[in-house]
Amino acid sequence: MRKILSILSLALVLGMTTGCKEEKKSNIIITEKPKPVTPKKPQKIGDYEQSLKVEWRGIKYTVEMKLTACDSLPMVKDGANLYFDNVIVLRIVRQDGVEFYSHKFTKRNFDQYLPDNYRKNGALLGIVYVKSDSQFLYFTASVGSPDKSSYDYIPLVLKVHRLGSHCYEEPSLLYRVITQ
């Protein structure tokens, strides 16, 4: 037992003398070279087409909406990501194939109803048919965050008149239009 205690004591003393040795200090710091940050390419919100059959004033129509990312419009920004804004072509075609209405919409069509942050960083997200009455076909258009996971948008009212013109209404009237 004495031999074991003396060996352990000797090992402890050796460990303490070699463990307390001060290491030479160096001014050299070794790190990884930072990788260059490459900016992401502008993203498309998504090209989309929709066709819907509706009856209006006793005549059958096809309402066609085609959303396309447009590289000639100013980019919109959501956080650090850049997106292409969209152009939407809305066409209304009679049953006999004659085009009743066609218009190319951009976010600028709705400028008067948009706050500054939506004018600058919002994208035209879509136009959807809602209903009709004897005078108008009603649509909702939306301008908002280009991020697909966001629900940040402003709904807008677009009306197409029976004579082929269109007009807009205040966004606050949307609820009244849909529920009537």
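Visitor: Why does Asp111 count as buried?

Guide: Buried means under 20% relative accessible area, exposed means over 50%, and partly exposed is in between (1.4 Å probe, protein chains only). Asp111 has 18% relative accessibility, so it counts as buried.

Visitor: What kind of model is this?

Guide: It is a predicted model: local features need pLDDT of at least 70, side-chain atom pairs count only at pLDDT 80 or more, and totals for chains, interfaces and linings use all residues. Residues are numbered from 1 along each chain as its sequence is written, and side-chain values use heavy atoms, with hydrogens and water left out.

Visitor: What makes Arg108 and Asp111 a salt bridge?

Guide: A salt bridge needs a side-chain nitrogen of Lys or Arg within 4 Å of a carboxyl oxygen of Asp or Glu. For Arg108 and Asp111 the N to O distance is 4.0 Å. Arg108 has 65% relative accessibility, so it is exposed.

Visitor: Why is Lys44 called exposed?

Guide: Its relative accessible area is 51%, so Lys44 is exposed. Asp47 stands at 49%, so it is partly exposed.

Visitor: Which residues are linked in a network of salt bridges?

Guide: Glu64, Arg91 and Glu99. Glu99 is partly exposed at 41%. Arg91 is partly exposed too, at 26%.

Visitor: How many aromatic pairs does a search of the whole structure find?

Guide: It finds seven. Take Phe105 and Phe110: the ring centres are 6.1 Å apart and the planes are at 20 degrees, so the pair is stacked. The rule covers rings of Phe, Tyr and Trp (its six-membered ring) with centres within 6.5 Å; planes under 30 degrees apart count as stacked, over 60 as edge-to-face and the rest as tilted. Both Phe105 and Phe110 are buried.

Visitor: Why is the pair of Tyr129 and Phe139 called edge-to-face?

Guide: Their planes stand at 70 degrees and their centres are 5.8 Å apart, so the pair is edge-to-face. Tyr129 lies in strand 7 (residues 123–132) and Phe139 in strand 8 (residues 136–144), so the pair ties together parts that are 10 residues apart in sequence. Phe139 is buried, at 1% relative accessible area. Elsewhere, ring pairs link Trp56, Tyr61 and Phe100 into a cluster.

Visitor: How do you know that the charged end of Lys159 sits over the ring of Phe136?

Guide: The test asks for NZ of Lys or CZ of Arg within 6 Å of the ring centre and within 35 degrees of the ring normal. Lys159 sits over the ring of Phe136, 4.1 Å from its centre. Lys131 sits over the ring of Tyr138, 5.3 Å from its centre.

Visitor: What helices and strands does the protein have?

Guide: It has three helices and 10 strands. Helices (H or I, at least four residues) and strands (E, at least two) are DSSP runs, numbered from the N terminus. Of the 180 residues, 33% count as buried.

Visitor: What makes a group of residues a nonpolar core?

Guide: The members are buried Ala, Val, Leu, Ile, Met, Phe, Trp, Tyr and Cys residues, joined through side-chain atoms within 4.5 Å. Here the largest such core has 27 residues; those with the most contacts inside it are Leu90, Ile92, Phe105, Ile127 and Phe139. Elements that give two or more residues to this core include strand 1 (48–56), strand 5 (85–94) and strand 9 (153–161). In soluble globular proteins, nonpolar side chains tend to be buried together.

Visitor: Why does Tyr101 count as buried?

Guide: Its relative accessibility is 4%, so Tyr101 is buried. Tyr101 lies in strand 6. Leaving out residues up to four places away in sequence, Tyr101 touches Leu90, Arg91, Ile92, Val160, Gly164, Ser165 and His166. A contact means heavy atoms within 4.5 Å.
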